[in-house]
Amino acid sequence: MALPKIAVLDDYQKLSEPLFERLRSSGYEVTTFTDTLLPYNHPNTPQDAKDALVKRLEPFDIISSMRERTPFPAELVNRLPNLKLLLTTGGRNASIAVKACSARGIPVAGTTAETRSPDSTTQHCVALILALARNIPQDDAVMKAGGWQTAYATGLAGKVFGTIGLGRLGVSVSRIMHIAFGMKVVAWSTNLTQDAADEKAKASGLPAEDENGEKTFKVVSRDELFAFADVVSVQLVLSDRSRDLITANDLEKMKKSALFINTSRGPIVVEDDLLQVAKKGSIRGVGLDVYEIEPLPQNSEWRATRWGEGGRSQVVLTPHMGYVQEDNITGMYQQQVENILQWQKGEAMATVFSDSGY
């Protein structure tokens, strides 16, 4: 009997290839795709692009996906007649219609990861803040072009760090900004209470308040956070409730000297509203690792605009690198290979989803 055909999607750095070689050498047909087609479920994706995605995926029995790079809504799942096993990474994935897969008897299996602190996304968020505040990309470009000082840096010590969301990542980044830079942390999310914030501070090894009674993680209103924070960092999970949560109404309250950072998910912020704020230079800088459409389209204004000139804000862009550490990615692919072998033998796989986890 022929072995299943396997597709590995969205492997930009080809990190899967040495891990999946174990399967190739055993007779599996493995095809690696290093690009990403338009998301099937985006409202602006035309029908021919949806059909192109179906045509690409239709021949395969097993599909290896990477996080949310290729979403699998129910309509797409139901257009893939050969699909028998869908692999993803992590312990949950809101972009996969797990119930639609289950209805067809298609298991969805993820991966686990060793907990390290600070994690990769926290490190990247802090790096993005510092790159923007200290003009690292701009000064690097100036130096390589033969220039010298052209701008000034923004100090962070003692200023206000505003986190939108105080979950695991919100706490992790806030803790570093507080300890390393002495920043005062303010936080807001829809249901966040001061009691909950105090418990999160203590769980992270910080006091709930200092000797003067000042809260370590001070819960404020949405308007207060945007109006008073020197750095605003988005730390929310993307959901129906958080999609398009942050709008021009919020961004226009920010200080002229403030920095806005998003390392969570692009659609949490109305992208055109943020783009217009940056084009007007209403705030000092924007740091982005996530976008409405990923990979970021070649014709995106984020790519094409001459940021930091003509009164426009400084902008630092990275290509959704928050979790892209070599050890993270290779560990995920190794677990996917193990799951394929377990599934082929009819044995239990690790991290099988019963729902999307959200």
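Predicted model: local features only at pLDDT ≥ 70, side-chain atom pairs only at ≥ 80, totals over all residues.
## Ground rules

Local features need pLDDT of at least 70, side-chain atom pairs count only at pLDDT 80 or more, and totals for chains, interfaces and linings use all residues. Residues are numbered from 1 along each chain as its sequence is written, and side-chain values use heavy atoms, with hydrogens and water left out.

## The cores

A nonpolar core is a set of buried Ala, Val, Leu, Ile, Met, Phe, Trp, Tyr and Cys residues joined through side-chain atoms within 4.5 Å. Buried means under 20% relative accessible area (1.4 Å probe, protein chains only). The largest core has 32 residues. Ile164, Phe226, Ile246, Phe260 and Trp302 have the most contacts inside it. Helix 11 (271-280) and strand 6 (160-164) are among the elements that each supply at least two residues. Helices (H or I, at least four residues) and strands (E, at least two) are DSSP runs, numbered from the N terminus. Helix 11 gives the largest share, four residues.

A second, separate core has 24 residues, including Leu128, Phe161, Met183 and Val316.

## Val173

Val173 sits in helix 7 (residues 168-181). Is Val173 buried or exposed? Its relative accessibility is 1%, so Val173 counts as buried. Contact means heavy atoms within 4.5 Å. Not counting residues up to four places away in sequence, Val173 touches Thr122, Cys125, Val126, Ile129, Phe161 and Gln235.

## Helix 13

Buried residues of helix 13 include Ile329, Tyr333 and Val337. The buried residues of this helix pack against strand 1 (5-8) and helix 1 (17-24), among others. Just after helix 13, Gly346 takes a positive phi of about 75 degrees.

Definitions and conventions:
Buried < 20%, exposed > 50% of the residue type's maximum accessible area, 1.4 Å probe, protein only.
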